[in-house]
Amino acid sequence: MDAAASLLRELTPEQRQAVTHVTGPLLVLAGAGSGKTLVITRRLAYLVAHGIAAESILAVTFTNKAAREMKERIGRQVPADRLWVSTFHSFAARVLRREIHPLDYPSSFSIYDEADRAAVVAAVARELGIDTDLVPPAAVAAAISRAKNDLVSPREFEDRAVGHFAEQAARIYVRYEHSMKSAGALDFDDLLLKLRELLREHAGVRERWCRRFEYLLVDEYQDTNAIQYELVHLLAAAHRNLCVTGDPDQAIYTWRGADIRNILRFERDFPDARVIKLERNFRSAANILKAADAVIAHNVHRKLKRLYTDAPDGARLLVIGAFSEADEARAAVRLVAEHVAEGGRLRDAAVFFRTNALSRSLERAFLEAAIPYDVVGTVAFFERREIKDVLAYLRLVANPADDLSLLRALNTPPRGIGARTVEHLRSFAMTTGLTLRAVLDRIEDVPGLRPGPRRALLAFRALLVDVAARAAAGPVGDLIAHLIDALDFADHLARQAGPRAEECLENVQELLASAREFERRAGGSDLVSYLEDVALVSQADLYGGTEDRVSLMTIHNAKGLEFDLVVLVACEEGMLPHIRSIQSGADAIEEERRLCYVALTRARRRVCLIHAATRTVAGLLGSPRMPSRFLNEIPPEVLECRSTHRWCDPLPETPAPDAAPAPDARAAVAGPPAPELEPGQLVRHELFGLGRVVRLEGRGRGRKVRVRFHTAGERLLVVEYARLVAVT
DNA sequence: CGGATGGTTCTTTTT
DNA sequence: GAACCATCCG
């Protein structure tokens, strides 16, 4: 029992209670920074240490990354290989692979992401001859998603439809479902819905999984939606060994169907539930906590909760007024540079923003300052065009009914199959009720094809047959490598992507590497599970290498993370709270306030809030901007206000050697030793690609190098930070 | 058919 | 500023 005893070390009495609670319902209301993750991992390890079989435990987290980390942490204390830790969506997909048969789907079903759904909606709208100006596909896609979350079937949707948009959306919804079904495809909402259907209507399946998982834990319960709520209750109904954790003040996903009431009514759902509040904050300096507390206190619809800390006040929160977004970005860079100069590491600093578009000016500024950064999920890796192109072939092989993937692969790279040919194929498919893949097999019967396209189609079919054979024979990595080769993909990218070709090719190489990595991690190379893995990665999953870089991300992506320094940009009316929320009313404003709360409580030591007086939105300079109302909600005594004109120039100097950061931090920032540089030397920069050294300037730590990059133009970089690699 | 060109229209947050 | 489109020409 030594292992079990060590699991209780260094816990507060409340934390200990939560960890040692074994049977029956448990609600852990965990304030920001109160050690929630610690409690969850310790508790799961505690269960295993007390003889509960790991495979009978299911833990649901918000991202796959959180799942992986949690599993790893537990694994350090007890054997955790057989523990199921995953997101709702991954969990659903995993169960459906084994159980979906009664719903008349193939177990190799495709998973369609948001972009795929939009494409299907657009295609369906076109088929139905619907004017996409009056009925925008994006709005229809959103309406369909909302309907699914509210358990509204296409038929019910149709019955309720009032007005042109709703009526047309209803027609599209009906046809969309049909199209998904015949493609053997599920969208994100379907994953949860189909699992719900199975558990409700197929007693055998229900019993199997309810018996299998005797202990359930759901993290971030405040952000579960109605279907997730129902799934949890279906699975826990028999044994009621259900632990949920969360914080209503950190609910930031109501816009996609999450319902805070799920967590608020837990005690009513389970009157005998044990409720444990974790209110002591171990993360933030007291001033930061005071500010966050004061802001969130303005929310009316709220369960009262008080966070406290023994930590010292720390610095005041810095509020900076900038002129423009460029000015703001420079201020952010300067703050990060100062953090490093004071001995901090880049990986302990983060810049948060409300919308993705705001990352651009920041990226430019950090690039210019040659400070390495990581952007979490701007264009998510797996949504890149070249990646989706390659994956389309794999998806098609895994699920030949997947028409969307076929259409994508059909003429990428261009092989002489144009819109007219596609129309012939589609109308033949429509009249015969065949999938496009099946139409290819009967290409001889398709009327109206000219010899050129017909030959191209035959070649395409032969390619698919070849790829399918290889898929059956070898690992996914080999398959991708073969595809890149067989498609002449490098050549294709060079033609299609122009100056970005190299970057695209690198992405494709990265895909190959990730497939190999998957083979290692999963210990197998099953194509279907690889594609599932790919489809369900979240933006946050791809973030967080071991490298020392400053993090740039949306507040939503910051959930669950913590940093010494947090810079929050665009603290303006219209951005935070966002204009759309201002327009949609009080509840939306409260969610924006929770976002602000989440942002503030990520910080351990230092918070800087920046607002700009002007900002270009959609290429246009907007009207003057007001500082965010949330800034006014912070008590002035914990604030320090500045404007950039007294403060921001001159630009940050590289710290002098004697004022240098601690050796370990410096080493981390500097990375590998700089290569010997001289004019004419060919070098590679991680972001700018290949270039040639023009000139060296200065000496010592501040030494700079001017490089003319093939694609990124000429740039002046600090040698120490630029991480140039000499190319011979 | 495919690539290039120029015009138009957006931008909240994401599993 | 970029992503998406419609249109035109080789």
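## Terms and basis

Two strands are said to pair if DSSP finds at least two bridges between them, and strands (E, at least two residues) and helices (H or I, at least four residues) are DSSP runs numbered from the N terminus. This is a predicted model, in which local features need pLDDT of at least 70 and side-chain atom pairs count only at pLDDT 80 or more, while totals for chains, interfaces and linings use all residues. Side-chain values use heavy atoms, with hydrogens and water left out, residues are numbered from 1 along each chain as its sequence is written, and chains are lettered from A and ligands numbered from 1 in the order in which they are written.

## The six-stranded sheet

Six strands form an open sheet with parallel pairing, in the order β3-β2-β6-β7-β1-β8. Because β3 (84-87) and β8 (274-278) stand at the edges with a single partner strand each, one side of each is left without a neighbour in the sheet. Neighbouring strands are turned against each other by 15 degrees on average, direction ignored, where axes are lines fitted to C-alpha atoms (for helices over the stretch in contact) and angles run from 0 to 180 degrees between N-to-C directions.

Within this sheet, β2 (residues 57-61) and β6 (residues 215-218) pair in the parallel sense over four bridges, and I57 stands opposite Y215 in β6. Helix α4 (residues 64-75) lies across β2 and β3, running at about 160 degrees to β3, with contact meaning heavy atoms within 4.5 Å.

## Strand β14 and its partners

Strand β14 (residues 603-612) is largely enclosed by the rest of the structure, because seven of its ten residues are buried (under 20% relative accessible area, with exposed over 50% and partly exposed in between, for a 1.4 Å probe and protein chains only). Strand β9 (residues 317-322) runs parallel to β14 and is joined to it by five bridges, with L318 opposite C608. Five bridges also join β13 (residues 563-568) to β14 in parallel, and here C608 is the bridge partner of V567.
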